[in-house]
Amino acid sequence: LLNVWAAIGWYLYYKWLIEDDLKEMTGEGFGGRVVVAPFAAALSLGVLGEVVRGSIGKSLVGDVDPFSAAFWAGFFWIYVCQAYLYLRVNKLYTADGKTSPLSLIGLLIPGYNFVTGIRQIHF
């Protein structure tokens, strides 16, 4: 269980740095705080709601549970930000005359986003 939280912490720290670096380099993007803080807050609310009320498994249709809604909204937010990150990284590559390394379709394939993140470290 602690390894999961350590991995999430590492991911959020890395995401914060990448977003700040890209914003500083290109002037585009939201920056790390604006990307990471809403996701971290929503994830925390979702986990709290799960512990207190068993929220995460509840439906987002009908009787909406605010903890569950926050949890899923956080994931939606981070995916939108990740898509925007892909576009900005691809723009940097094409401006340098290189092939775009990232595909938006990868966001729909489980695990591909993780592999893409590792590839970003490599590039």
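Q: A helix here is a DSSP run of H or I covering at least four residues, with numbering from the N terminus; in which helix is Val52 found?
A: Val52 is found in helix 2, in a model that is predicted. The secondary structure of this chain comes to four helices and zero strands, and reading along the sequence gives the pattern α-α-α-α.

Q: How do you know whether Val52 is buried or exposed?
A: The cut-off for exposed is over 50% relative accessible area, and Val52 has 58%, so Val52 is exposed. Together with Leu45, Leu48 and Val51, Val52 makes a nonpolar surface patch of about 380 Å². Other residues of helix 2 are buried, among them Val35, Val36, Phe39 and Leu43.

Q: How do you know that the span of helix 2 agrees with its number of residues?
A: The expected span is 1.5 Å times one less than the number of residues, so the 22 residues of helix 2, residues 32–53, should span 32 Å, and the end C-alpha atoms are 31 Å apart, which agrees. Helix 2 is followed by Gly54, whose phi is positive, near 65°.

Q: What makes Asp65 a cap of helix 3?
A: A side-chain oxygen of Asp65 lies 3.1 Å from the backbone nitrogen of Phe67, at the N-terminal end of helix 3.

Q: Why is the pairing of Lys15 with Glu19 called a salt bridge?
A: The pair qualifies because a side-chain nitrogen of Lys or Arg must be within 4 Å of a carboxyl oxygen of Asp or Glu, and the closest N and O atoms of Lys15 and Glu19 are 3.1 Å apart. Lys15 and Glu19 are four residues apart in helix 1, and therefore separated by about one helical turn. At 0% relative accessibility, Glu19 counts as buried.

Q: What makes Glu28 and Lys91 a salt bridge, and which parts of the chain hold the two residues?
A: The closest N and O atoms of Glu28 and Lys91 are 2.6 Å apart, which is within the 4 Å cut-off. The pair links distant parts of the chain, with Glu28 in the loop between helix 1 and helix 2 and Lys91 in helix 3, 63 residues apart. Glu28, with a relative accessible area of 26%, is partly exposed, and Lys91, at 46%, counts as partly exposed.

Q: How do you know that Asp96 and Lys98 form a salt bridge?
A: Their closest N and O atoms are 3.6 Å apart, again within the 4 Å cut-off. At 55% relative accessibility Asp96 counts as exposed, while Lys98, with 46%, is partly exposed.

Methods: Residues numbered from 1 in each chain as written. Predicted model: local features only at pLDDT ≥ 70, side-chain atom pairs only at ≥ 80, totals over all residues. Heavy atoms only, no water. Buried < 20%, exposed > 50% of the residue type's maximum accessible area, 1.4 Å probe, protein only. Polar contact = N/O pair within 3.5 Å; in protein donor to acceptor, adjacent residues only side chain to side chain. Patch = residues over 30% accessible without salt bridge, like charges linked within 9 Å, V, L, I, M, F, W, Y side chains within 5 Å. Areas by Shrake-Rupley, 256 points an atom, 1.4 Å probe, with all protein chains shown as cover.
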